[in-house]
Amino acid sequence: MALVDMAPATLRRAELHASVGDPVLDTMNFLNEITHRYPRAVSFAPGRPYDGFFDVEEIFRHIRRYLDHLEERGASPAEIRDALFQYGPTGGQIRELVTRSLREDEDIDVPPEAVVVTVGCQEAILLTLRALLAGPRDTLMVSSPCYVGITGAARLLGAEPTPVAEGPDGFRSADLEAAVAAEKARGRRPRAFYVVPDHSNPSGSTMPLPERHALLDLARREDFLILEDSPYRLVSPGRQLPTLKSLDRDRRVVHLGSYSKTLFPGARVGFAVADQVVVDDDGGQGLLADELIKIKSMVTVNTSPLSQAAVAGMLLAADGRTSELNTETSAYYGEAMRAILKRLDECFPEPERSTLGVRWNEPDGGFFLTLDVPFPADNAALVRSAEDHGVIWTPMSYFYPRGGGEHSLRLSVSYLTQADITEGTARLARFITAEAARAR
């Protein structure tokens, strides 16, 4: 019997979903490639927690604490075994502990059934968008520049976010009101507005309290939901402004949370607080969280019970007050932010700063700040920065859904030591000075 040569299957990218060719999906891969190609460069790119706070042995103590908690509540040995080894409920098995933590830390008072425990905040984003964006008329609005995860998730679902540009001082509800009116004039339905109100990624801006109230009023008047993503609050020094959800009296806010920045990045445990009432055609009522759970059952089935156990043990250790577990970390990140701002002042004193056309903002918390430069801060410039000057950053253009930020870069201080910040800022200054001369 003759063997027939069979050609391997070949797929055409043009025949795949359009989102796989979206440049947004390539941004993190490109940064990772640059980081691996130049391992000796100081990198201001990763928005990840500092490794020095992690202790491997603590993981076992966290899990043991949670298992003891289950036993104290009367769980049998078989139930305790299942809590670690079996799939567990799709909505999460630590919802009570999450809601307790939200009350203690953020003054967010919701029942456990309003919470869905997710695989990081990114899944919470995806589930929420899938539930809310019902058809082509539905519009997702985003504060721009914005976290690439919201842009990428929307495009995976076939939706194009409508950006609402931040001003020099951050978000203004008046700009969102104009965008809502424009969308309605086009025959579209503004469905939700995504924002990181505290120490945002990427700009580092924080929404003032009057704007928070104005945004909630606007959402009520114009009938849309607010997707609040605020992972940097409890790792920032000082007293924080109230969350939008804690100010929410009309269930307009879906609060998207994560323990990646505050407790345990590798656990990949996040959550959505979705207490909005959903009414079916027969008059029956439930919560938006119930709908998210249905979607999750077809996406990830459930969130890792082992990860939930580790996070639960950490929450139990602090009686639900995540803020207490982050006293040291928030102080560390605050010092890191002050250090880079001080070094930038030293490296770019006036009048040299104005002559070069270099400007930066001064966040009082979070991981990020932005720096304006007098040349295109694109991928080619990033390669030159890494290769010739040993410093890596993130182009701000990555964070604008429809163009922008071409002359700005994002700096993250979360992953670096004080020595790294000192040396990295000096290298960055040499790069900027060289590029400015090159552009003239």
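This is a predicted model: local features need pLDDT of at least 70, side-chain atom pairs count only at pLDDT 80 or more; totals for chains, interfaces and linings use all residues.
Residues are numbered from 1 along each chain as its sequence is written, and side-chain values use heavy atoms, with hydrogens and water left out.

**First stop: β3.** Select residues 138-144, strand β3. Helices (H or I, at least four residues) and strands (E, at least two) are DSSP runs, numbered from the N terminus. Here 7 of the 7 residues are buried, so β3 is largely enclosed by the rest of the structure; buried means under 20% relative accessible area with a 1.4 Å probe, protein chains only. One face carries Asp138, Leu140, Val142 and Ser144, the other Thr139, Met141 and Ser143.

**Next: its partners.** Strands pair if DSSP finds at least two bridges between them. Look for methionine 141, whose bridge partner in β4 is threonine 162. Now show helix α6 (148-156), through which the chain crosses from β3 to β4 in a right-handed β-α-β crossover (clockwise from the first strand over the helix to the second, with the strands pointing away from the viewer). Then select β5 (189-195), which pairs with β3 in the parallel sense over 5 bridges; leucine 140 stands opposite alanine 192 there.

**Last stop: an open sheet.** Its 4 strands follow the order β11-β12-β15-β14, with antiparallel pairing. β11 (359-360) and β14 (394-395) stand at the edges, each with a single partner strand, so one side of each lacks a neighbour in the sheet. Finish at phenylalanine 368, opposite serine 412 in β15.

Key. Buried means under 20% relative accessible area, exposed over 50%, partly exposed in between (1.4 Å probe, protein chains only).
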